[in-house]
Amino acid sequence: MPRLLPAAVLLAALFAWSAAPAQGTIVKVDDPWVRATVAPQKATGAFMQLTAARTVKVVAASSPLADIVEIHEMKMDGGVMRMRAVDALPLPAGQSVALKPGSYHVMLMGLKAPIRVGESVPLTLTVEGEDKQRTAVEIRAEARSR
């Protein structure tokens, strides 16, 4: 006859299982969104919160909706706000990194069509660990007007 486990043991096991990250999860992505565009506009930005389980860096980005996708940084330089592409975006283990307007963000350029409010925009971030292993992080970002 099978032996039944006490309810407390089952609850503890269920909690431990649900709190554990999914197998293979390297980067947690929160609140991904893309700024919606109008017809002649050929570029826009994508924003989100990234939290890495271990130290990695974002080394590339892509989307089937744009010819060019880069990680950009905006910062003051001689009293002028400048935007530039970065080779990599460090994600320290356990620390949330904000990609937001006026800071780091994903730049989509050469858009193939306008991005309308409510659309789901596919993005892929490529992250590289300290061991040089690369992993794709698939994202669906909602297009918003803000």
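Select Arg144 first: its relative accessible area is 17%, so this residue counts as buried (buried means under 20% relative accessible area, exposed over 50%, and partly exposed in between, with a 1.4 Å probe and protein chains only). Arg144 belongs to strand β10, residues 134-144; helices (H or I, at least four residues) and strands (E, at least two) are DSSP runs numbered from the N terminus. The model is a predicted one, in which local features need pLDDT of at least 70 and side-chain atom pairs count only at pLDDT 80 or more, while totals for chains, interfaces and linings use all residues. Residues are numbered from 1 along each chain as its sequence is written, and side-chain values use heavy atoms, with hydrogens and water left out.

The side chains of Arg144 and Asp31 make a polar contact at 2.6 Å. Such a contact is a pair of N or O atoms within 3.5 Å; within protein, one must be able to donate a hydrogen and the other to accept it, and residues adjacent in sequence count only if both atoms are side-chain atoms. Asp31 sits in strand β1 and is partly exposed, with a relative accessible area of 42%. Its backbone also deserves a look, as the phi of Asp31 is positive, near 50 degrees, in a residue other than glycine. Most residues other than glycine have a negative phi.

Which arrangement does the aromatic pair of Trp33 and Phe47 adopt? The pair is tilted, with 4.7 Å centre to centre and 40 degrees between the planes. Rings of Phe, Tyr and Trp (its six-membered ring) pair if their centres lie within 6.5 Å; planes under 30 degrees apart count as stacked, over 60 as edge-to-face and the rest as tilted. Trp33 lies in strand β1 (residues 27-35) and Phe47 in strand β2 (residues 43-52), so the pair ties together parts that are 14 residues apart in sequence. A search of the whole structure finds one aromatic pair.

Next, display strands β4 (residues 66-77) and β5 (residues 80-85), which run antiparallel and are joined by six bridges; two strands pair if DSSP finds at least two bridges between them. Met76 stands opposite Met81 in β5. Two residues lie between the strands of this hairpin, where Gly78 takes a positive phi near 65 degrees.

Move to the loop between β9 and β10 and select Lys132. This residue is exposed, at 56% relative accessible area, and has a positive phi of about 70 degrees although it is not a glycine.

Finally, select Ile26, Arg54, Val56, Val127, Glu128, Gly129, Asp131, Gln133 and Thr135, which line the largest cavity. On a 1 Å grid over the protein atoms alone, a cavity is a set of points where a 1.4 Å probe fits but cannot get out, and lining residues have an atom within 4 Å of a point. This cavity holds about 40 Å³ of space; a volume is the space filled by probe spheres set on the points, which are joined across faces, edges and corners. Strand β9 (residues 120-129) gives the most to the lining, with three residues.

Definitions and conventions:
On a 1 Å grid over the protein atoms alone, a cavity is a set of points where a 1.4 Å probe fits but cannot get out, and a pocket is an open set with protein on both sides within 12 Å along at least five of seven lines; lining residues have an atom within 4 Å of a point.
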